[in-house]
Amino acid sequence: MTRNDRNAANVPVPAWLGWKRNIFYAALAAIVSAVFIYQLTRPESLLGGMLGWELERIDDASREGAAAPPGSITWAGLFAQLERKMPSLPDARPRAGTAQLIYAVDAVQRGKLSATDAVARLAPAEDAATFNLVARLAYAWLRDRAEANADPSPSPTASPSGNSPPPPSTSSASPPSSTPLARYDSISRILDVQPPATTATLYNDTLHDAWRDVLKTAIRRQDVIASCVRNYRHFDIREHYAALPTIHATFTALARELHTAGHLAQAETIRQWLDRAYMGLIDNERDYATRLLAAELLTDVRAADFYTAAPHHHRPSKLRDEFHARATVIDLVDLYKAPIGSNAATSNRLYWFVTCIELAAVAAGFLAVILCRCLMAMFRIRPFPSSAGLSRTEVHGGPDAIQWWILILVPFIIYYCIPQSPFLLKQIGSSEGFVVRLGFEVAFSAVFVVAAASWLSGARSGLSIATYTAIISSILFVLSLEPDRRLWPVLRTLDFGFGVAPVVGSLLLLVVITCTVLTTATRRVTFAVAARAWLVGACLTFAAYRQQHAFDREFQETLANSIAVKNLRGLGAANPMNGDVQPQQFP
């Protein structure tokens, strides 16, 4: 009489092998797993933020255009909302004037616009932004360039072929003009005019805030909103990254020429103008890249060897080092690497996210065994080799509590306590490596639970089958932790044009099915062990996810409260490095 015929002989079934109890455990595990999957796959979850699900929804509606369902949010609609808000923003007129002047500097430098035309057309823009020192510097640079082009000089002769020679290059730092003192007098009539400039800014912050408010109507994750603020142009000024170094190169070259000619006061005045402009940008702009650029230029202006060192000479600076130190902590979700407010919150949320994914993979392996046994029962596939007689656990009433906990928790303890855990943090940028290593975890836990069920059965060849499956699970465990530099060359040989992940996944599935078919454990024992392990794994996974969700919510609140901005503003005047960043009076 086989074990499957024991009910016919009225052999009592131990309570721990009862179908009703184990099906109840499996149903609880299914409910917990469903809740976890629902929360994990929401667009506003951390996984949704990494994969850009909220942005995809807007992109899809934008591509459909008029065919999009009523009420769909599109990028055109969001930008229309921003345009309607722009006239009511504070400093709207000076912001528009500053934007035109900065763009003109970049266009003239690239040869797309004549400096003379720019000066004639942008005089009203300079009037609108007259209290902004950055705008005055830009207009002064344009006028200096226009006067240099208008300076009479010998006309170039035509080439022998009859073609006109190319126009003179405008990329030099110091354009040809009459004398350095005359150039200084010309720009001083712009920079020292009354009323004086009282600020130095790009007016980007108010526009960023308005764009952020618009995005909040469509996107819930603050880090995704932060990425959109940097990723999507929304009428903000970005040409300053090219314009400010151009202005800096021209005016510092003029200061050195004045110093060489003996006009020391005028040379120091130019340095003071630049110093005030860069300090104003550090104090008034929240964008860390703009402030880092200003810090770089300020380092050159305040250098003790300003007049003797070669231009663009790299100098050590405590201010620059502080900026770089603050910018090393990067949010992986932010494509433009905006600095974050709390390093602990970010590392904790990523750690717990990877942990819950690891635990979910282990629990998925237990579920895979249950599905395999169900398919075997459906197609009437009997385990091979089949054994007669009752198993050891069925005779003695089942394992004790200690054995249960050891068998169920071993896979979780192994992956959680090893020094390499969580290993997936090293694979966060490789989707293929991420999937393949998760596949190894699923296969390991599945084969492990088959080995545990075989060991509990212990009928005839059960111990040997348990030994073989334990060896296989150990090999899968070692492969899941193998460094990429040794694992991937081997896996690449399995790529037959379908990719590594599908091929490796198929092989691992074959291993799981083979071990399940070859086990000597009965369906009752296998289901009892796998159902309990799945329930424990689902509960641990959900608990890890809730912990990750708490840290992620803390991070979102940090961004919402602009703590990152407050931390960065510590690099301004209210900073322990007062001697390095305070406005400086030159002799």
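**Entry 1: helices α12 and α13**

I began with the pair α12 and α13 in this predicted model, and asked how the two helices are oriented to each other. Helix α12 (residues 240–260) packs against helix α13 (residues 264–284) at an angle of about 155°, and their axes lie 7 Å apart. Since angles over 145 degrees count as roughly antiparallel, I therefore noted α12 and α13 as roughly antiparallel to each other. I also looked up the hand of the crossing, and found that α12 passes α13 in a left-handed one.

Next I listed the residues that make this contact. From α12 they are L244, H248, F251, T252, L254, A255, L258 and H259, and from α13 they are L264, Q266, A267, I270, L274, Y278 and L281. Sorting the residues of this contact by class, I recorded 11 nonpolar and four polar, with no charged residue.

I then turned to helix α11 (residues 222–231), asking how many of its 10 residues are buried. Nine of them are, so I wrote α11 down as largely enclosed by the rest of the structure. The buried residues are Q222, D223, V224, I225, A226, S227, C228, V229 and R230.

One of the contacts I followed from here is with helix α10 (residues 204–215), whose axis comes within 10 Å of that of α11 and crosses it at roughly 130°. That angle makes α10 oblique to α11, and the crossing is right-handed. On the α10 side the contact is made by H208, W211, R212 and L215, while α11 contributes I225, C228 and V229. By class, I counted five nonpolar residues, one polar and one charged in the contact of α10 with α11. I noted as well that I225, C228 and V229 of α11, which take part in this contact, are listed among the buried residues of that helix.

**Entry 2: confidence along the chain**

Last, I checked how far the prediction can be read. The protein chain has a mean pLDDT of 75, with 67% of its residues at 70 or more. Confidence is highest in helix α1 (residues 19–40), at a mean of 93, and lowest in helix α25 (residues 578–581), at 34.

I marked two stretches where pLDDT stays under 50. Over residues 459–463 the model has 12 contacts beyond four places in sequence, and over residues 563–587 it has 59 such contacts.

Notes: Residues are numbered from 1 along each chain as its sequence is written. This is a predicted model: local features need pLDDT of at least 70, side-chain atom pairs count only at pLDDT 80 or more; totals for chains, interfaces and linings use all residues. Side-chain values use heavy atoms; hydrogens and water are left out. pLDDT is the predictor's confidence in each residue, from 0 to 100. Helices (H or I, at least four residues) and strands (E, at least two) are DSSP runs, numbered from the N terminus. Contact means heavy atoms within 4.5 Å. Axes are lines fitted to C-alpha atoms, for helices over the stretch in contact, and angles run from 0 to 180 degrees between N-to-C directions. Angles under 35 degrees count as roughly parallel, over 145 as roughly antiparallel, 65 to 115 as roughly perpendicular and the rest as oblique. A crossing is left-handed if the near helix is turned anticlockwise from the far one by less than a right angle, and right-handed if clockwise. Ala, Val, Leu, Ile, Met, Phe, Trp, Tyr, Cys and Pro count as nonpolar, Asp, Glu, Lys and Arg as charged, and the others, Gly among them, as polar. Buried means under 20% relative accessible area, exposed over 50%, partly exposed in between (1.4 Å probe, protein chains only).
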